[in-house]
Amino acid sequence: MALTKKGQFNYGDTQADIQAELVDYSATTTGYEPTHFAEAVCRCGERVFTLSIDDTEGAAVRQCRSCQRSHAMGDSAEYLEDANLKECECPCGAGAFELTVGVALYRNTDDVRWIYIGARCPKCGLTACYADWKNEFSDYRKLLEKI
Ligand SMILES: [Zn+2]
Ligand SMILES: [Zn+2]
């Protein structure tokens, strides 16, 4: 598994490559390195989803491409009321992704500081951070359980 850069984008071989992409992304943006990760898996076992995000409100909703079940990721349900969700599309035109979320913590605590929503397109392999925002959830394990 590895990321390959082609033009302005990175391409990954597997879902595990999303983690490295989120670390790279944080290094050139926030400076808060994500250290804990969770891969999104539907109750039905599916790992490919459409993804809708509002990074101003801090909300992300995924919908399973197999069973169509929608799920508000992490603590997103608390922010959906005012959210204006936009569906993500890969630059290749596809609109379904493998999803991995990373969190950066405050030093020596379990408290979340920043959240990163990473996605890989299974069709073309393009792997990117689709959104990130400040998130102050108090126990990262509980947040990541709900990805
Ligand atoms: Zn499903
Ligand atoms: Zn693609």
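Student: What is the strand order in the open sheet of four strands, and how do the strands pair?

Tutor: Keep in mind that this is a predicted model. The order is E6-E5-E4-E7, and the pairing is antiparallel.

Student: What makes a strand an edge strand here, and which ones are they?

Tutor: They are strand E6 (70–72) and strand E7 (86–87), since each pairs on one side only.

Student: How do you know that E4 and E7 count as paired?

Tutor: Two strands pair if there are at least two bridges between them. Strand E4 (residues 49–54) is joined to E7 by two bridges, so the pair qualifies, and the two run antiparallel. Looking across, you'll find Ile 53 opposite Lys 86 in E7.

Student: And what about E1 and E2, how many bridges join them?

Tutor: Four bridges join strand E1 (residues 3–6) to strand E2 (residues 9–12), and at least two are needed, so they pair as well. These strands run antiparallel. Lys 5, for one, has Asn 10 in E2 as its bridge partner. The hairpin of E1 and E2 has two residues between the strands, and Gly 7 there takes a positive phi near 65 degrees.

Student: How do you know that the length of helix H1 makes sense?

Tutor: Helix H1 (residues 17–28) has twelve residues, and at 1.5 Å a residue they should span 16 Å. Its end C-alpha atoms are 18 Å apart, which agrees.

Student: Which residues of H1 are buried?

Tutor: They are Asp 17, Ile 18, Gln 19, Glu 21, Leu 22, Tyr 25 and Ser 26. Among the elements that cover them are E1, E2, strand E3 (36–39) and strand E8 (98–105). Strand E9 (112–120) and strand E10 (126–134) are also included in that cover.

Student: What is the phi of Gln 68?

Tutor: Its phi is positive, about 70 degrees, although Gln 68 is not a glycine. Most residues other than glycine have a negative phi.

Student: Why is Asn 108 put in the exposed class?

Tutor: Asn 108 has 6 other C-beta atoms within 10 Å, and the cut-off is 12 or fewer, so Asn 108 is exposed. Asn 108 sits in the loop between E8 and E9. Its phi is near 60 degrees, a positive value in a residue other than glycine.

Notes: Residues numbered from 1 in each chain as written. Chains lettered and ligands numbered in written order. Predicted model: local features only at pLDDT ≥ 70, side-chain atom pairs only at ≥ 80, totals over all residues. Expected span 1.5 Å × (residues − 1). Buried ≥ 20, exposed ≤ 12 C-beta atoms within 10 Å, placed from the backbone. Contact = placed C-beta atoms within 7 Å.
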